[in-house]
Amino acid sequence: WSAQPRVRWHRVQKLEAFALLLIIVSVGMVVFGSVSSTPDKNYPLEFLCLPMLLWTAFRFGQRDTATATFLLSWIAIWGTMQGFGPFARQSPNESLLLLQAFLGVSTMLAMSLASAVSERRRLEEALRESEKRFRLIMGHANDAIFFLDLQGVIQWASGRVADIVGQPITELVGRSFLTVLAPAAAALAEARLAAIRQGESVPPLVEFEVLSPDGSLVWVEANITSVLEDGKVIGRLLVARDITERKRVEGELHSALDRLRAVIGNSPIAILALDAQGRVTGWNPAAEHVFGWTEEEVLGRELPYLAPGQEQESETIWERVMRGEELGGVELRRLRKDGSPVDIAVWTTRLVDQHGTVIGSMSLQVDTTEHKRAKEALRMQARVLENMLEGVSLSDENGVLLYTNQAENAMFGYEPGEL
């Protein structure tokens, strides 16, 4: 009573408790009171007490069983001391000793039973609460959960299943799981089940398509595990998640990557990618053409085209890029694989991941060797024309002068640019 002082009985329990109290008192008076005082002491009236204690243990619990035992013991001791009841003897000590043995056995029996009943009730209540929480969680879980028997028949499904499959749970339970799959996915599932039955190991994570009643396909990712009972497999638990949107994004990403690879692979400009340590991770065919090294020769290595003494210049450029500076049109001279020099114009920027961490750099490198040679040739030609002793002039189709050299200007007495 000190542990549970409050009585939480509903009306029927209160009536039952009152009736039980009256019966215990009545039986106690019959067994241990003057009502049972007869010359013949051979009637086993004391066993009438046991059903009352067992009733209390089954229906109420330990606290109330202890109360009923105390009440019955008080009546028994009073009656025995008065010389009534089946344990009354000439000697009070003998009477109380016999009564004590009887009450001890009865109390142990009743309290043990009450304890077992209380523990069972506690476990049943815990099981109900656990099942209630389980159903609450399953009803609001984002994942769809199936329980299948060994033949693949759906025995139970969570609320999310109806959203993914597009059918009510009541229509799914009792059907084969294969009926909700697309034909290709159903064939793969059958092969998987056959492998499992033969004892083969299969990966627990699998992706497949679910066929909705309207004909649309839903991609799901499922984790399938075996359910054991006493060491034997009794079914499969399948936890599935809708990944249709992820599949769509992955498809678009793959398409974008394919287009990017096509652009890089067919670009006439050398495109190089480096990781955060300056090692080559990308080297397109144009880079092979410009510098002479194949992709297999440079991947995972530092840039191979530096001439002796250019290390400090390259390190300075790398540090500027890693600080976030974007370089555009920087003119450099590097070496080809055969040792010949190559002039390049470089545009480069650093690469960062979704967390803002620098993961490397990418650069466009244009071979300007021929362009520089052509410019130098034009400068030489212009210098030759300017210093010729003969007069030279150029005009368009309308006769408008476009160029005159020094000799032409001197011949006609004009200053440079007047003509």
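Biologist: I'm looking at Arg248. Does Arg248 count as buried, exposed or partly exposed?

Modeller: Start with the cut-offs: buried is under 20% relative accessible area, exposed is over 50%, and partly exposed is in between, with a 1.4 Å probe and protein chains only. At 40% relative accessibility, Arg248 therefore counts as partly exposed. Keep in mind that this is a predicted model, where local features need pLDDT of at least 70 and side-chain atom pairs count only at pLDDT 80 or more, while totals for chains, interfaces and linings use all residues. Residues are numbered from 1 along each chain as its sequence is written, and side-chain values use heavy atoms, with hydrogens and water left out.

Biologist: Which residue forms a salt bridge with Arg248?

Modeller: A salt bridge puts a side-chain nitrogen of Lys or Arg within 4 Å of a carboxyl oxygen of Asp or Glu. Here the partner is Glu245, and the closest N and O atoms are 2.3 Å apart. Glu245 is partly exposed too, at 49% relative accessibility. The two sit three residues apart in helix H8 (residues 244-266), so about one helical turn separates Glu245 and Arg248. There's also a network, in which salt bridges with shared partners join Glu207, Glu221, Arg246, Lys247 and Glu250.

Biologist: What does "helix" mean in these labels?

Modeller: Helices are DSSP runs of H or I with at least four residues, strands are runs of E with at least two, and numbering goes from the N terminus.

Biologist: How many salt bridges does the structure hold?

Modeller: The structure holds 20. One of them links the side chains of Glu125 and Arg128, at 2.6 Å from N to O. Glu125 and Arg128 are three residues apart in helix H4 (residues 92-140), so again about one helical turn lies between them. Glu125 is partly exposed at 36%, and Arg128 is partly exposed at 46%. Then try Arg160 and Asp163, whose closest N and O atoms are 3.6 Å apart. Both lie in helix H5 (residues 160-165), about one turn apart. Arg160 is partly exposed at 25%, whereas Asp163 is exposed at 58%.

Biologist: Now the surface. Which residues form a nonpolar patch?

Modeller: Patches use residues with over 30% relative accessible area and no salt bridge, joining like charges within 9 Å and nonpolar side chains (Val, Leu, Ile, Met, Phe, Trp, Tyr) within 5 Å. Accessible areas come from the Shrake-Rupley method with a 1.4 Å probe, and for residues only the protein chains shown count as cover. In this case the patch is Phe18, Leu21, Leu22, Val25, Met29, Trp74 and Trp78, with about 680 Å² of accessible area together. Helix H1 (11-32) and helix H3 (62-81) are the elements giving two or more residues to the patch, and H1 has the largest share, with five residues. Phe18, for one, is in H1 and is exposed at 51%.

Biologist: At what angle do H1 and H3 pack?

Modeller: Axes are lines fitted to C-alpha atoms, for helices over the stretch in contact, and angles between N-to-C directions run from 0 to 180 degrees. H1 and H3 pack at about 25°, with their axes 9 Å apart. Angles under 35 degrees count as roughly parallel, over 145 as roughly antiparallel, 65 to 115 as roughly perpendicular and the rest as oblique. H1 and H3 are therefore roughly parallel to each other.

Biologist: And where is Gly33 placed?

Modeller: Gly33 is in the loop between H1 and helix H2 (49-59). Gly33 counts as buried, at 0% relative accessibility. Gly33 and Thr80 are 47 residues apart in sequence, yet 8.0 Å apart in space, C-alpha to C-alpha.
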